[in-house]
Every structure is written in C-alpha cells, then in structure tokens.
Amino acid sequence: MDDPTTVSNQRNQSAPETPRLNLPARMSDSSVYLENLPSRTMHINRLINSNYNSSPSRTVYSDRFIPSRSGSNFALFDISNSPTSAEGKEDGSGTYNSLLRAALFGPDTPDKKDSLGSPACRNIFRYKTETKRSLHSLSPFGLDESVPGIIHSPVKAPRKVPRSPYKVLDAPALQDDFYLNLVDWSSNNVLAVGLGNCVYLWNACSSKVTKLCDLGIDDSVCSVGWAQRGTHLAVGTSNGKVQIWDASRCRRIRTMEGHRLRVGALAWSSSLLSSGSRDKSILQRDIRAQDDFASKLSGHKSEVCGLKWSYDNRELASGGNDNKLFVWNQHSTQPVLKYCDHTAAVKAIAWSPHLHGLLASGGGTADRCIRFWNTTTNAHLSCMDTGSQVCNLVWSKNVNELVSTHGYSQNQIIVWRYPTMSKLATLTGHTYRVLYLAISPDGQTIVTGAGDETLRFWNVFPSPKSQVNDTCGNTDSEIGASSLGRTTIR
C-alpha cells in the first residue's frame with residue numbers, strides 16, 4: 001500500500017492536466033517561452049509609450065477614468081487651457097451647422113461657441129431679452145418666396161377707426177332728454193332731426209336742408225322714425241299724437257291719436273307702426289287701416305322709451321323706465337319674454353343682423369351695462385359693464401360689431417367687436433350726453449347728437465364686401481364728403 005509508484009500515479013491523476021504544446025522532441029516548452037518573452041516586453045512598451053499613436057478607428061481604454069477636457073470652454077471662467085488639437089484643422093460638419101443655425105434662427109444669430117467665448121458673456125447666468133419672432137422665422141426655408149409649395153399669408157393689421165368726426169352740424173334747440181328719440185336716417189340717405197317744435201331734413205348727398213313741419217308753440221317733437229322704404233316719416237309729439245308725413249312732397253298724410261301723453265319711441269315693421277308713450281302703453285298701428293290703432297300692448301309700469309323690431313319683423317323689443325325689457329310677437333298683447341336684469345331705464349335696444357334672435361340692451365345711469373339675450377332659447381348670454389350710462393346701441397350690418405353711445409359721466413362713443421366685446425375705438429368730442437344715434441344706409445357712417453346742440457358724423461364701420469352703388473350714385477360711398485366742415489342744419 002505504501003508503494004511510491006502507486007502514490008505518484010494517484011497524484012498525477014488527481015492534479016489537473018496542463019495543456020501541452022505539440023513540439024518536436026528536440027524542442028522543449030521552456031525554450032518557446034523564453035524566445036517569446038522579448039517580443040511580449042516590446043509590445044507592452046509600445047502600448048505605454050507616450051509617442052505611440054493609436055488607430056483613429058479604435059478607442060483605447062485604460063484601467064482608470066481620465067476625463068477628457070478637449071470639449072470644455074475654459075474661457076467662461078478665465079482659465080487658460082493649452083489646445084490639444086492642431087490649429088487649422090477644419091471640422092467637416094461646421095459649415096452645415098452654421099447654415100442650419102442661420103435657417104432656423106436667422107442670419108444674425110451668433111455661434112454658440114463664439115457667444116460664450118466673448119468677454120461680454122462670461123456670466124453664464126446672464127439674462128437675455130427674448131424677442132418675438134413670427135412663425136415664418138422658424139421655417140428652415142426662411143422667408144424665401146421662391147420656395148415652391150410655401151404660401152406666406154400677410155399679417156392682417158388691426159382696422160383703424162378715425163378718432164374725430166369728418167363733419168359737424170350745429171343743431172340749435174336739440175333737447176337734452178334721455179327719453180326722446182329725435183334723430184333717424186332713412187334708406188334714401190336723408191337725415192331727419194327734431195329740433196324744438198320743428199322737423200328738419202338733411203340730404204346727405206347734396207347737404208341740402210329742408211324744413212318739413214312746424215308743430216306750433218303748443219306742441220313739440222318727441223320722436224321721429226323713417227319707414228323702411230324711406231319716403232314716409234312718423235313724428236311723435238308731446239300731445240300724444242303721431243303724424244305721418246310724405247317727405248318727398250313735404251305733405252302730412254294723416255294724424256293718429258290714442259296716447260294720452262308724449263310719444264317718445266317709434267318703430268316700423270313694413271306698414272305697421274308701433275308707438276311707445278309716457279302713458280306706459282304701446283299701440284300697434286296699420287297706416288293702411290282707417291282706425292288709429294289695431295291693438296294695445298300693456299305690460300310696462302313706467303314710460304316706454306325704447307322700441308325696435310327684429311330684422312325678420314317677427315319680434316318687437318321694448319324698453320321702459322321701469323328697468324324692464326320685454327319681447328312681443330306680431331299678435332300678442334302681453335309680452336312673451338320678460339327680462340328684469342337691468343337696474344335702470346332701458347332705452348338702448350338693438351337686434352343683431354347676423355344672428356337670428358340675438359338682442360342687445362343697455363341700461364341707464366344706475367346700471368351702465370350692455371346685456372345680450374338669445375330670444376330663441378330665452379337665455380341671458382353675457383353682460384358688459386361700460387362704466388357710464390348707455391343711451392343708444394346700433395349693430396353694423398357689414399361686420400359683427402356694434403356701437404354704443406354714453407352719457408353720465410364720460411359722454412363717449414365706443415365701437416365694440418362681438419362676441420369678445422373688445423374695444424376697437426373710443427370716440428370723444430361731445431360735451432353733453434350722447435343721447436341720439438343713427439346709422440347710414442350703407443352701414444359705414446353713424447351720426448350722433450347731444451345736448452351740446454351738435455350732430456357729429458363718424459366713419460366707424462368698413463364697407464360691405466361686395467361694394468354696390470350707394471344712394472348718391474357713387475361707387476365709393478362717402479356720406480357727406482362733398483361738404484366737409486361745420487354748418488347749421490336749419
């Protein structure tokens with residue numbers, strides 16, 4: 001059991017075998033290892049030699065992290081750093097980056113490296129004023145109009161409204177009374193104005209002034225209203241009567257009674273005339289019939305000071321000194337809609353010519369608000385506090401805008417854009433409350449009247465998209481442009 005040969009064989013079997021080289025019998029393993037030792041030593045020396053240049057396509061990794069500072073910008077912190085790369089070596093992508101930067105951000109945008117390296121940009125937390133650029137500046141094509149397929153739409157400048165009237169008429173004895181309606185503009189381009197106990201007509205084409213009627217010392221004019229065709233004028237008097245005049249022949253057609261007190265509001269719907277009075281009632285009159293009135297509308301508890309028919313002649317809106325806004329239909333004697341949100345007299349009423357059932361109303365001194373209603377759904381849409389008494393409202397038929405005139409305390413005229421109710425212009429010039437408002441038949445010009453006994457003409461709305469000849473026979477409608485200046489209406 002203690003045989004040394006057996007023990008040797010067992011040790012050889014238990015120990016792992018070392019791989020051997022298949023060499024000739026006269027060559028040993030030790031000679032091979034000794035012969036390769038000098039070449040291995042030279043290879044290691046070449047790897048650690050500082051003058052050795054590695055292949056540019058391969059990256060040599062070491063056993064510890066050594067940061068590369070070649071991309072650092074030491075000029076930010078006033079630290080000098082010796083360049084590691086040879087100068088004059090041009091980067092192949094530099095030209096492309098410069099062209100791309102100029103296309104995206106403009107030709108004047110400095111290179112990032114140049115701007116950071118400049119002495120003025122040493123503070124890396126320096127704030128920079130941001131300039132607004134258009135969307136075209138972000139296009140890689142810039143503003144080159146020659147690029148096919150790119151359409152550049154011009155930026156639309158906001159419309160400018162002249163801040164001063166182009167014409168002023170003196171109107172002696174124009175009353176300073178909130179509840180009256182003494183100015184109206186016909187479809188034939190003739191302006192009717194009630195001054196004291198007389199009615200005057202001013203032709204906007206020729207600037208000719210005509211005295212239509214004189215009611216005498218015992219009566220006075222409280223309201224005027226043109227029929228839709230523009231030849232017949234209704235005149236409401238302080239004695240509660242309504243006169244119908246043929247303006248083309250300056251002849252009175254008839255006088256209708258029915259009211260006990262003054263008639264301050266008139267509204268036409270074809271041959272039907274509605275009149276509102278201080279006696280709290282509204283009378284519906286058919287001028288073709290022999291009777292003075294066909295029906296009586298009751299509902300207001302105070303003077304009726306505002307009346308307007310809708311553009312389809314189906315609904316009548318009335319406002320009163322009882323702070324109420326009522327809506328009537330063609331056959332009702334009681335209001336079908338009642339709005340009680342205003343806290344002052346409702347004189348200013350206007351129907352939208354652009355949306356069916358859209359109604360605007362304005363309140364007096366204690367209210368100062370313009371409210372919008374949808375009479376189709378019986379909904380209160382919005383409210384705008386104007387800051388002063390709302391005397392009149394009129395909607396433009398050319399664009400979705402409206403004008404309001406005001407009294408206490410600013411006496412201004414405001415042009416609004418609907419539905420945002422942003423102010424396009426605020427016009428001043430009247431020294432008293434702007435109690436009267438009318439719009440020209442072409443929808444571009446308004447005339448305002450005040451207790452300062454002046455009528456002022458303003459160009460506030462743009463022309464229609466399809467320009468047609470105006471009532472004066474001109475292609476470009478310029479109401480009264482042939483007689484600029486200040487004259488007297490009588």
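The reply below considers the pairs in turn.

Modeller: The model is predicted, and a search of the whole structure finds eleven salt bridges. One of them joins the side chains of R159 and E401, with an N to O distance of 2.3 Å. This pair links distant parts of the chain, 242 residues apart: R159 belongs to the loop between α4 (112–117) and β1 (167–170), whereas E401 belongs to strand β23 (residues 401–406). E401 counts as buried because its relative accessibility is 6%, under the 20% cut-off. R159, at a relative accessible area of 29%, is partly exposed.

A further salt bridge is formed by R433 and D176, whose closest N and O atoms are 3.3 Å apart. R433 is buried, with a relative accessible area of 11%, while D176 is partly exposed at 35%.

E303 and R278 also form a salt bridge, the closest N and O atoms lying 3.7 Å apart. E303 sits in the loop between β13 (295–298) and β14 (304–309), and R278 in the loop between β11 (272–277) and β12 (281–286), 25 residues apart. E303 is buried, with a relative accessible area of 6%; R278 counts as partly exposed at 44%. Both residues belong to a network of salt bridges that also includes D177 and R262.

Key. Residues are numbered from 1 along each chain as its sequence is written. This is a predicted model: local features need pLDDT of at least 70, side-chain atom pairs count only at pLDDT 80 or more; totals for chains, interfaces and linings use all residues. Side-chain values use heavy atoms; hydrogens and water are left out. A salt bridge is a side-chain nitrogen of Lys or Arg within 4 Å of a carboxyl oxygen of Asp or Glu. Helices (H or I, at least four residues) and strands (E, at least two) are DSSP runs, numbered from the N terminus. Buried means under 20% relative accessible area, exposed over 50%, partly exposed in between (1.4 Å probe, protein chains only).
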